[in-house]
Amino acid sequence: GAERAAEIDYVFKVVVIGDSAVGKTQLLSRFTKDEFCFDSKSTIGIEFQTRTIVLNRKRIKAQIWDTAGQERYRAVTSAYYRGALGAMLVYDITKRPTFDHVARWVEELRANADKAIVIMLIGNKSDLAEKRAVSTEDAVEFAEEQGLFFSEASALSGDNVESAFLRLIEEIHGVVS
Ligand code: GDP
């Protein structure tokens, strides 16, 4: 019946990290609500959002955590990473420093998160191609070196957002099942 259909087989915690203003919150709201909010960043409030998907007849609840601005003060705590099975590591393709800092975020993950964590590198704001400051090739090379999955995406247009999150969830499923 309906009760049974609503049962959840897995809950996967996913953290979204990366420099401030790269689009973490917008990627999360695009994936969980299919929304993009032009005047974003109101209050520090909800710590995570969820979306349930069905994969191989299993109901998987993705519980996706946002830093709620903590990254500005380098105050992302180890509690944030605890229990995370996946990470979306986001940079802005129009802001070179946000890509240069990705290595530091990978170190932070390796130091604080589970060893088996699945990491997806996301080059966000692909809609701003005319302002590109990070080539796709550089990102692909880095991702290969570090064993990360990679996709460019746009929270604004929605391009590749769904596919990137679903890929991450599938990979986590492969690790845990
Ligand atoms: P966060 O600090 O990493 O959570 O970044 P936000 O999600 O708050 O986004 C920072 C800014 O970038 C906001 O002004 C967003 O409207 C804008 N933004 C986020 N994603 C995109 C995108 O895909 N394309 C464009 N053009 N702007 C974006």
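## Around the ligand

The shell of residues around the ligand divides into five nonpolar, seven polar and four charged. Please keep in mind that this is a predicted model. In all, 16 residues surround the ligand, and the closest are Gly-23, Lys-24, Thr-25, Gln-26 and Leu-156. Helix H2 supplies the largest share of this shell, with three residues.

## Where H2 meets H7

Two packed helices are described by the angle between their axes and the distance between the axes. For helix H2 (residues 24-33) and helix H7 (residues 161-176), the axes come within 9 Å and cross at roughly 85 degrees. H2 is therefore roughly perpendicular to H7.

On the H2 side, the contact involves Leu-27, Arg-30 and Phe-31, which meet Val-161, Glu-162 and Phe-165 in H7. By type, the residues of this contact are four nonpolar, no polar and two charged.

## The two sides of H5

Let us turn to helix H5, which spans residues 102-112. Here Val-102, Trp-105 and Val-106 are buried. These residues lie on the same side of H5, because they cover an arc of only 105 degrees around the axis.

What covers the buried residues of H5? The cover includes strands S1 (10-17), S4 (86-92) and S5 (118-124), together with helices H4 (96-100) and H6 (136-146).

Conventions
Residues numbered from 1 in each chain as written. Predicted model: local features only at pLDDT ≥ 70, side-chain atom pairs only at ≥ 80, totals over all residues. Buried ≥ 20, exposed ≤ 12 C-beta atoms within 10 Å, placed from the backbone. Helix = DSSP H or I, 4+ residues; strand = E, 2+ residues; numbered from the N terminus. Arc of directions from axis to C-beta. Contact = placed C-beta atoms within 7 Å. Axes fitted to C-alpha atoms, helices over the stretch in contact; angles between N-to-C directions. Parallel < 35°, antiparallel > 145°, perpendicular 65-115°, else oblique. Nonpolar A, V, L, I, M, F, W, Y, C, P; charged D, E, K, R; others polar. Near = placed C-beta within 6 Å.
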